[in-house]
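Try each task before you read its solution.

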There are 2 protein chains.
Amino acid sequence: MPKIVDAEARRQEVVEAVFRIIASDGLERASLREVADEAGLAVGSVRHYFASSDELLVHSFAVVIDRIATRLEEAFTVVESLDQASAEHDNAVLTLLGQFLPLDEELAVDACVWMAFRHAARIRPVLEEEAARSHRAVAAVVGRLVMRLMPDAGTGQERLVTEAERLLATLDGLCMHALLQPEWMTFEVCRDVLSAHLDSLVVSRPTVNLKAHRE
Amino acid sequence: MPKIVDAEARRQEVVEAVFRIIASDGLERASLREVADEAGLAVGSVRHYFASSDELLVHSFAVVIDRIATRLEEAFTVVESLDQASAEHDNAVLTLLGQFLPLDEELAVDACVWMAFRHAARIRPVLEEEAARSHRAVAAVVGRLVMRLMPDAGTGQERLVTEAERLLATLDGLCMHALLQPEWMTFEVCRDVLSAHLDSLVVSRPTVNLKAHRE
DNA sequence: ACGGTTCAAGCACATTTGTGCTAAAAAGAT
DNA sequence: ATCTTTTTAGCACAAATGTGCTTGAACCGT
């Protein structure tokens with residue numbers, strides 16, 4: 001009966017426009033009119049696919065979360081498929097961690113958008129739920145990765161949590177710096193930092209009892 | 001001749017109002033009218049002390065940078081005054097690193113404001129200069145700290161840079177998580193993560209050549 | 001051919017924002 | 001008491017934003 005348009009594809013186009021605007025001009029410029037312009041549509045058209053500005057933003061947040069989570073899951077299955085302690089395994093781990101960083105154009109856009117939404121979620125309740133989902137999804141993958149990289153710490157669950165959080169913090173910090181101070185953060189520095197962190201993961205275990213950090 | 005008002009004190013009051021608004025409602029809500037209301041003034045009064053909205057925001061950014069930098073410098077002189085490898089030294093280092101985290105109300109406000117401005121500076125050219133100053137100031141202290149904690153790496157300057165960046169990234173990531181996911185980030189987790197990182201600093205040096213991350 | 005449904009576009013209105021400008025109030029100096 | 005300068009307050013205007021509502025346009029099934 002009606003004019004048939006692939007609604008989901010259209011929505012995706014609008015979301016891509018949102019991503020471009022956030023990456024170049026920030027979340028606060030992602031208004032309906034700006035998004036419509038960027039997508040080559042009228043405001044009314046955008047509003048036809050998204051009931052409100054909030055729905056558009058929440059959905060865009062969800063899309064970028066899914067993209068990142070999917071990349072991480074795929075990279076993790078690669079890691080799992082490789083023999084541990086092989087050079088390919090180490091490279092696969094670095095590739096996995098690199099999914100967090102703005103190493104190419106697409107990753108940079110996702111990183112910008114992801115950061116912007118997570119920070120906005122601190123203030124805007126509509127984004128809260130997706131922010132929590134985002135954190136759970138990423139923490140799950142990083143947690144599994146840490147468990148794989150520290151097989152000898154099976155008992156010390158507390159240490160696993162600490163190390164997962166530590167890796168997560170380092171990743172987010174690196175991503176932040178790569179976005180905010182790109183002139184100081186070359187690819188090499190990123191790689192060196194990640195390598196150093198991985199070294200610290202496998203080595204630091206037996207040294208815990210040497211120092212007196214028991215408080 | 002004129003009505004004498006401590007202009008600098010008034011500016012400071014306005015800046016404090018900006019901080020409160022950013023911490024509770026985000027940078028985008030820090031408009032002249034909101035700030036004036038929060039400060040108990042009229043828009044015209046705020047505009048008397050700050051020529052424009054941009055000047056107000058840039059000055060607020062500068063103030064928070066100075067506050068953080070001052071705290072770091074003071075904490076670092078404490079570290080320098082203590083005998084290395086003593087328990088007090090370790091505590092002083094943890095205290096220094098804790099200055100980055102929202103461990104109390106004042107630190108939390110500063111952390112919020114600092115994060116908000118740094119991210120805004122990616123987009124808004126007026127904030128660029130202060131953002132660069134902020135990064136230089138903090139990187140300087142963290143760099144000196146890393147040099148102190150890794151005395152044996154005197155030659156490997158590249159490694160020092162990597163470790164400084166790694167510590168900085170971990171700190172910023174921890175701060176982010178503490179602000180955005182406070183329910184998952186208790187004080188204890190923060191402390192454990194920082195302790196683990198410090199352990200990894202002093203230990204990881206001799207193990208670099210064991211693995212094949214040379215490529 | 002045509003009707004009904006979906007899509008696209010736009011108008012109108014209330015809010016909010018930054019800023020230029022004017023003017024009243026306050027208070028020390030004379 | 002009066003003058004002068006600072007301080008405070010407010011108005012007005014243009015620009016931008018979200019949203020309710022209306023109007024065409026397009027097109028598939030009958």
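The exercises below concern a predicted model.

**Exercise 1. The fold of one chain**

Solution: 
- Step 1. The C-alpha atoms of chain A fill roughly 70 × 35 × 30 Å.

**Exercise 2. How the copies are related**

Task: Work out which rotation and shift superpose chain A on chain B.

Solution: 
- Step 1. A rotation about an axis and a shift along it relate two copies of a chain.
- Step 2. The rotation is 180°, the shift along the axis is 0.0 Å, and the RMSD is 0.0 Å.
- Step 3. Conclude. The two copies are therefore related as by a two-fold rotation axis.

**Exercise 3. The interface**

Task: Describe the contact between chain A and chain B, and say why the copies meet through the same surface.

Solution: 
- Step 1. Count residues. Chain A gives 50 residues to the contact, and chain B gives 50 residues.
- Step 2. Take the area. About 4,400 Å² is buried between the chains, and carbon and sulfur atoms give 65% of this area.
- Step 3. Compare the two sides. Of the interface residues of chain A, 98% are also interface residues in chain B, so the copies meet through the same surface.

**Exercise 4. Salt bridges**

Task: Find how many salt bridges cross the interface of chain A and chain B. Then locate the pair A:Glu163 and A:Arg166.

Solution: 
- Step 1. Recall the idea. Side chains of opposite charge can pair when their charged atoms come close.
- Step 2. Count. There are 36 salt bridges over all chains, and 0 across the interface of chain A and chain B.
- Step 3. Check the pair. The side chains of A:Glu163 and A:Arg166 form a salt bridge at 2.9 Å, N to O.

**Exercise 5. A pocket**

Task: Describe the second largest pocket by its volume and its lining.

Solution: 
- Step 1. Take the volume. This pocket holds about 880 Å³ of space.
- Step 2. Look to its centre. Of 35 lining residues, the closest to the centre are A:Leu27, A:Glu28, A:Ala120, B:Leu27 and B:Glu28.
- Step 3. Sort the lining. It divides into 20 nonpolar, 7 polar and 8 charged residues.

Methods. Residues numbered from 1 in each chain as written. Chains lettered and ligands numbered in written order. Predicted model: local features only at pLDDT ≥ 70, side-chain atom pairs only at ≥ 80, totals over all residues. Heavy atoms only, no water. Least-squares fit on C-alpha atoms with pLDDT ≥ 70 in both. Contact = heavy atoms within 4.5 Å. 1 Å grid on protein atoms, 1.4 Å probe; cavity = no way out; pocket = protein on both sides within 12 Å on 5 of 7 lines; lining within 4 Å. Points joined across faces, edges and corners; volume = space filled by probe spheres on them. Nonpolar A, V, L, I, M, F, W, Y, C, P; charged D, E, K, R; others polar. Buried area = accessible area lost by both parts, 1.4 Å probe. Salt bridge = Lys/Arg side-chain N within 4 Å of Asp/Glu carboxyl O. Helix = DSSP H or I, 4+ residues; strand = E, 2+ residues; numbered from the N terminus.
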